Amino acid sequence: MGADYFTFIFVLGLIQSFWDSFGIGANDVANSFSTAVASKTLKLWQACAIASVTEFLGAFLLGAHVTDTIKNKVVQPSDYADNPSTLMLGMLCSLYGSSICVIGASKLGLPVSTTHATVGAIIGFGIAAHGSESINWAYSNKGVWFIAAGWVYAPLVAGACAATIFLLIKYGLFRRADPYKWTIRSIPFIFALTAAIETLFIVWKGSPRLNLDDQEPWKIAVECVSIGLAFGAFGILCFVPWADRKVKGKEPLRSYEMFYHWCIPTREPVAEALEPEEGGDVLDGGDMKAADEATPDKGYFAGFKKKATKGLLAEVADYKAEDATIKEMHDLAEKFDEDAEELFRFLQVMTSSLASFAHGANDVANAIGPLSTIYYIWQNAEIPPKKVQVELWILAYGGIGIDVGLILYGYKIMRALGNQITYHSPSRGFSMELGATLSVMIASKTGIPVSTTQCITGATLFVGLCNGNLKTLGWKRLAITAFGWVLTLPVAGLISGLVFAFAAYSPSMLEGTYNPSS
């Protein structure tokens, strides 16, 4: 029976892959912008707008490398050579297991690893189809234990990088006699370094269609240094003079005016609050519930609009609305010069965008890996080879699903990963995001589909420890998060395995439809 007979599996795979991408956007996208929203550097709708672009571009341009690892390194494709449609069914079941697990966790506000869910779901159907011996467990063959190793070292590496960056900022800039002066002098260098890292990630990982990673090492080095110097020059010529007028001079300048600040005459200083006042406008972090109640009901459309925009306007950064323990945790954290911290807001947006770009490149594999396998078998009626070009439309499809999940449901996880773990400030958020991104960069290049949730959580934990007081960390939230990680893989695997067993081994009127044991 030809694979084209199973068009319904391909159609169901399309639907379920979108929901899997939706879950990734709803859960994992908080990794990239939770710190920026928690420190009130960005409003929630601004974070969603930026992340929608960066997540999509990361998935579309650089997503193919990790997709190959997820698809071929967990199950043995040769086990399904005589019956490719069984692998189609298995990948469909893995999408069911992963999406149900991740979306359910998002509903509960529980940040989990979508990588754990995907790997667990593939293991689940693999065991149901051919037993545990069919799973590629070997570390040496880049199997499950190779992937699992990334779950251990990624948060440790991310935490070590983030803590190192923050301690350099803390003792090299903020503990000086004049922290603002030392910080603003260092900004161009930090701009250059961050831009060079971002360029290295884009070039080093390389899109298969652009062949950027085929260049000679010296060319890559020149590109990274050149772009880093360009951003450093931007910091010297545009950002530093603009920021000095805005932060120290208290002039009411807009962000876009940094590009032509020299044409703007000196303005009268105004007292600008670093944080929005309570009860203000919704977009400024006010009370969402109060604003909703004040809005008159205008029928079905008004109700639909309210639900559709809830994910963009919900309050996620006001820790004062939480219990007294969180307030005490924040009060115990060390605070630094407000003007010096203010200079890191723009840098935090930059690193959050980089982290989001890296996340899109790394985690889109979780949804489109199974879909790309289903599509290949549907088109060719055979098991895909080790290396197969992932279709552009599949990468775009996964990126769109991630964006939709982020916009509609991402606020729940942003709230959980934000101020409930530790106090967030712009400098801390910058350190967390850059440390997590460095870890994801290394993992993506080596082909290890690490958990970005664990990377940012590890970075947040280590930066919180830099306060020197264990009471500045939300250990209850960390324990709940770790518990979710432990459950994710077996729950996703169990769902996937049960769905596969039900579909593959149920009585059928069509002889030979599925026969995994043959």
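This briefing describes the overall make-up of one protein chain and then some of its side-chain pairings.

The structure is a predicted model. Its secondary structure consists of 19 helices and 0 strands. The chain has 518 residues, of which 55% count as buried. Among contacts with a separation of 6 or more, 82% are between residues 24 or more positions apart. The accessible surface amounts to about 22,000 Å², and carbon and sulfur atoms contribute 65% of that area.

**Salt bridges**

- Side chains of opposite charge can pair when their charged atoms come close.
- The whole structure contains 8 salt bridges.
- One of them joins the side chains of Glu334 and Arg175, with an N to O distance of 3.0 Å. This pair links distant parts of the chain, as its members are 159 residues apart. Glu334 belongs to the loop between helix 12 (324-332) and helix 13 (338-342), whereas Arg175 belongs to the loop between helix 7 (144-174) and helix 8.
- Glu334 is partly exposed, at 23% relative accessible area, and Arg175 is also partly exposed, at 42%.
- Arg175 and Glu334 belong, together with Lys170, to a network of salt bridges.
- Another salt bridge connects the side chains of Arg267 and Glu257, at 3.1 Å from N to O. Both residues lie in the loop between helix 9 (217-248) and helix 10 (288-294), 10 residues apart.
- Arg267 is partly exposed, with 30% relative accessibility; Glu257, in contrast, is buried because its relative accessible area of 6% falls under the 20% cut-off.
- Lys327 and Asp331 form a further salt bridge, in which the closest N and O atoms are 3.2 Å apart. Both residues lie in helix 12, and their spacing of 4 residues is about one turn of the helix.
- Lys327 is partly exposed at 42% relative accessible area, and Asp331 is partly exposed at 47%.

**Aromatic pairs**

- A pair of aromatic rings is described by the distance of the centres and the angle of the planes.
- The model has 24 aromatic pairs.
- Phe10 and Trp378 form a stacked pair, with 4.2 Å from centre to centre and 10° between the planes. Phe10 lies in helix 1 (residues 7-27) and Trp378 in helix 14 (residues 344-380), so their pairing ties together parts of the chain that are 368 residues apart in sequence.
- Phe10 is buried, at 9% relative accessible area, while Trp378 is partly exposed, at 22%.
- Trp19 and Phe22 form an edge-to-face pair, because their planes meet at 65° and the cut-off for this class is over 60 degrees. Their ring centres are 5.3 Å apart.
- Trp19 and Phe22 lie 3 residues apart in helix 1, a separation of about one helical turn. Trp19 is partly exposed at 39% relative accessibility, whereas Phe22 is buried at 9%.
- Ring pairs also join Phe191, Phe234, Phe239, Trp242, Phe259 and Phe346 into a cluster.

**Charges over rings**

- The charged end of Arg185 sits over the ring of Trp182, at 5.8 Å from the ring centre.
- Lys335 lies over the face of Tyr423, 4.7 Å from the centre of the ring.

- Thr199 is part of helix 8 (residues 179-205). Thr199 counts as buried because its relative accessibility is 7%, under the 20% cut-off.
- A polar atom of the Thr199 side chain lies 2.8 Å from the backbone oxygen of Ala195.
- Leaving aside residues up to four places away in sequence, Thr199 touches Glu223, Cys224 and Ile227.

Notes: Residues are numbered from 1 along each chain as its sequence is written. This is a predicted model: local features need pLDDT of at least 70, side-chain atom pairs count only at pLDDT 80 or more; totals for chains, interfaces and linings use all residues. Side-chain values use heavy atoms; hydrogens and water are left out. Helices (H or I, at least four residues) and strands (E, at least two) are DSSP runs, numbered from the N terminus. Buried means under 20% relative accessible area, exposed over 50%, partly exposed in between (1.4 Å probe, protein chains only). A polar contact is a pair of N or O atoms within 3.5 Å; within protein, one must be able to donate a hydrogen and the other to accept it, and residues adjacent in sequence count only if both atoms are side-chain atoms. Contact means heavy atoms within 4.5 Å. A salt bridge is a side-chain nitrogen of Lys or Arg within 4 Å of a carboxyl oxygen of Asp or Glu. Accessible areas come from the Shrake-Rupley method with a 1.4 Å probe; for residues, only the protein chains shown count as cover. Rings of Phe, Tyr and Trp (its six-membered ring) pair if their centres lie within 6.5 Å; planes under 30 degrees apart count as stacked, over 60 as edge-to-face and the rest as tilted. A charge sits over a ring if NZ of Lys or CZ of Arg is within 6 Å of the ring centre and within 35 degrees of the ring normal.
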